[in-house]
Structure formats: structure tokens, C-alpha cells
Amino acid sequence: MSQKLRVGILGGTGMVGQRFIALLENHPWFEVTAIAASPRSAGKKYEEAVGGRWKMDTPMPEAVKNIVVMNVNEVEAVASKVDFVFSAVDMTKEEIKNIEEAYAKTETPVVSNNSAHRWTPDVPMVIPEINAEHMEVIEFQKQRLGTERGFVAVKPNCSIQSYAPVLTAWMEFEPYEVVATTYQAISGAGKTFQDWPEMMGNVIPYIGGEEEKSEKEPLRIWGEIENGVIVPASAPVITCQCIRVPVLNGHTAAVFVKFKKKPTKEQLIQKLKEFSGLPQEFALPSAPKQFIQYLEEDNRPQVTMDVDYENGMGVSVGRLREDTVYDWKFIGLSHNTVRGAAGGAILCAELLKAQGYIYEK
């Protein structure tokens, strides 16, 4: 590719915005040319606007340090500098809906990390290995918005990445009832231990809104497009508890599953190892070569050993064993700010480019 697509980051000073910027350094297809944030950051160079709040474990890329931050509310001005944007803005749900559609109406595609549009019926919510075909609903969305190339696409919640791909790999065995408990890292709240010292040695058995997302969003991912909207699947039934734990990065899930068809352990593991999708077929730049790895050791997956599997874009599974109440149980692990947030959105954008939805203005 001779020329990289110009990318804007909306909400570029926050933790997820920073993760976008870190992951896009030296990206073969995309180049960050605009960063937008709140009016209080506008007019400052990015390095100055972030100040001492750079939260990544890699240094701030040199290429962005001197980019002058724009006001995210000046939609036309930001849109004029980019081919598409990633959205990680920190606003109310209604404000996010409005501003993302405003960008789309400037003929600027929006790939969002936010939850505001996850249930807008004609907005695709995609894990690229699972439901790439949902991008087809964009044509109906563009009719509603009155656009030719502008649209909104979103990635799902970080909490489901450690078990929804696993259940998808097993769909032919017809899972119908699932219990999942997620043990979620503090970076999911945009925090580090410096910001949130009271989380050291602590567990909080509540994360606002997370359990409903964890139960409902997989069903939308497994849904179908009907009459220009995405209709969620009705099964399997999922019930969740979501717990905040003193871990910086990595969401772990303990999951119990009942199946209509009774698979063997060997069949289940084989399906995990074989599972792949369009990102692997297209060899997209951010795609893990092996999406799901199965670990045989009793004490795996572990955050310290496995969270960065496939550069944080893969899912690790272990402790698959028969259960006395359900059929099978397992432990899953995914990186919540890479696969679960910015990295997942970047993979969505790569898929959208490969499918012809994102291109030069």
C-alpha cells in the first residue's frame, strides 16, 4: 500500500485513546494525523495535553508528541484532516451517540470503542473472527444517515472476549445455558494502581452495567441481519457476575456450559484450535495467527504469563473439565485494553478496509 489512511483519535488523551495511539505506531495501513479531545486539552501539543498521565508501558510515540490536539466538538474541522476516526470519547451515552453520528454525517467512518451505539439496530457490533458479515448492515445505516461513505461501527464490551469466542467455536454442540463470572482488571475502568491505590489487595463485587452487557452482547454478536437491522439470537441463555480484581490488564472468566449435544473434551479442544475467521484468512495486520490457544497445565491461563498472547489479540483457555452440575467448565483470559478495546477496534477497521467500507476520502 503506497499511502496510509489518515486516522483521527477522538478522546485521544484518555487511557483507551492512549492505547490506540500506542498500537497504531508503525501500523502498515493507518497513520494518526489528528487527535481530538475535550476543549480543555484543545490547542495543546499532545505531549503537553497528556502531561504525566501517559499510562502505557511503552513510551509515547515520537510521531504524535507534537500533534496539536483539536476540540472533539469541532466535528467538521477534525473530519477534514482524516479518512476515518476511532472513538474513545468520555461523555454521556447520548452525547456519544450524537457526536459519533455527527462525524459519520461528514462522510467520515467511525469505529467506536464506546458502548453508546452497541444496540443501535443498524450499527454492526463485531468481533471480526465471529460476525464479520454483520458489517453488511452498514448499507442500511448509510441510507438512514443519508451518507455515501460515513457510518458507525462498534466493537463489543471487553468482558465478553474471554468466553464469547470460545462458545462460538463450540456452537455446533448447541450450548444452551451458560454461567460466567468475570474477574476484571482495573484498566477496564481506565485506571492504574497509581490512580486507584485502594484496589491493591482488594476485590469489588460490582461493576456498573457490566453484567447486563456480558449477558446480552454475545447474543447480538450471534444474531442475524433481518430487514436492515441486527436481530439478536435467543440462545444460549447467559447469566454473569462481574468482579473487579487487583490486576492491571487482563480479564479472566470462569465459565460453566450445558450442551444439547454432548461433546468430548478432545472435540472441544480441537474446535478451539481450529477456530479462525476472516482476519486470519485476509492476514490482517493486527490479527492473531492462532486466535484461541488451549493450555494443558492446571495453573493456566495466568495473567502474568498469558495476557500478551498474540500481542494481546489472542484468547487463552485452560482447565477444561467435566462438571457435576453443568456439562463442562473452563477458564478464559483476554487482554481487556488490547483485544477488548483499542486492538479489537483496530482489527475491525482493518476488516472494514479489506471489505471496502473504509478508503481514502
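What is the volume of the largest cavity? The largest cavity has a volume of about 30 Å³, in a model that is predicted. A cavity is defined on a 1 Å grid over the protein atoms alone as a set of points where a 1.4 Å probe fits but cannot get out. Grid points are joined across faces, edges and corners, and a volume is the space filled by probe spheres set on the points. One cavity of 30 Å³ or more is found in the structure. Its lining consists of Val126, Ile127, Pro128, Lys155, Pro156, Gln161, Arg339 and Gly344, where a lining residue has an atom within 4 Å of a point.

Residues are numbered from 1 along each chain as its sequence is written, and side-chain values use heavy atoms, with hydrogens and water left out. In this predicted model, local features need pLDDT of at least 70 and side-chain atom pairs count only at pLDDT 80 or more, whereas totals for chains, interfaces and linings use all residues.

A pocket differs from a cavity in being an open set of points, with protein on both sides within 12 Å along at least five of seven lines. The largest pocket has a volume of about 1200 Å³. It is lined by 48 residues, of which Val16, Ala88, Val89, Asp90 and Asn114 are the closest to its centre. Helices (H or I, at least four residues) and strands (E, at least two) are DSSP runs, numbered from the N terminus. At least two residues of the pocket lining come from each of α1 (15–24), α5, α9 and α13 (338–354). The largest contribution is that of α1, with four residues.

Helix α9 covers residues 210–221, twelve in number. From its first C-alpha to its last it reaches 16 Å, close to the 16 Å expected at 1.5 Å a residue; the expected span is 1.5 Å times one less than the number of residues. Residues are classed by relative accessible area, with a 1.4 Å probe and protein chains only: buried means under 20%, exposed over 50%, and partly exposed in between. In α9 the buried residues are Glu210, Ser214, Glu215, Glu217, Pro218, Leu219, Arg220 and Ile221. The elements that cover these buried residues include the helices α6 (128–131) and α8 (164–169), and the strands β7 (175–184), β9 (229–231) and β10 (237–244).

Helix α5 (residues 93–105) contains Glu101. Glu101 counts as buried, at 17% relative accessibility. The side chain of Glu101 makes a polar contact of 3.1 Å with the side chain of Arg144. A polar contact is a pair of N or O atoms within 3.5 Å; within protein, one must be able to donate a hydrogen and the other to accept it, and residues adjacent in sequence count only if both atoms are side-chain atoms. Contact in general means heavy atoms within 4.5 Å. With neighbours within four places in sequence left aside, Glu101 is in contact with His117, Arg144, Leu145 and Val152.

Strand β2 (residues 30–37) holds Ala36, which is buried, with a relative accessible area of 0%. Beyond its neighbours within four places in sequence, Ala36 is in contact with Ile9, Leu10, Gly11, Gly12, Val69, Met70, Asn71, Val72 and Val78. Ala36 and Thr58 are separated by 22 residues in sequence and by 21 Å in space, C-alpha to C-alpha.

A disulfide is a pair of cysteine sulfur atoms within 2.5 Å, and a search of the whole structure finds zero disulfides. Cys240 is buried, with a relative accessible area of 6%. Cys242 is also buried, with a value of 0%.

Most residues other than glycine have a negative phi, and most peptide bonds are trans. A cis peptide bond joins Ala235 and Pro236, with omega about 0°. Pro236 lies in the loop between β9 and β10. Another cis peptide bond joins Arg300 and Pro301, with omega about 5°. Pro301 is placed in the loop between β12 (292–295) and α12 (303–306).

Glu174, which is not a glycine, has a positive phi near 55°. Glu174 is found in the loop between α8 and β7 and is partly exposed, with a relative accessible area of 32%. Asn227 likewise has a positive phi, of about 55°. Asn227 is in the loop between β8 (224–226) and β9, and at 82% relative accessibility it counts as exposed.
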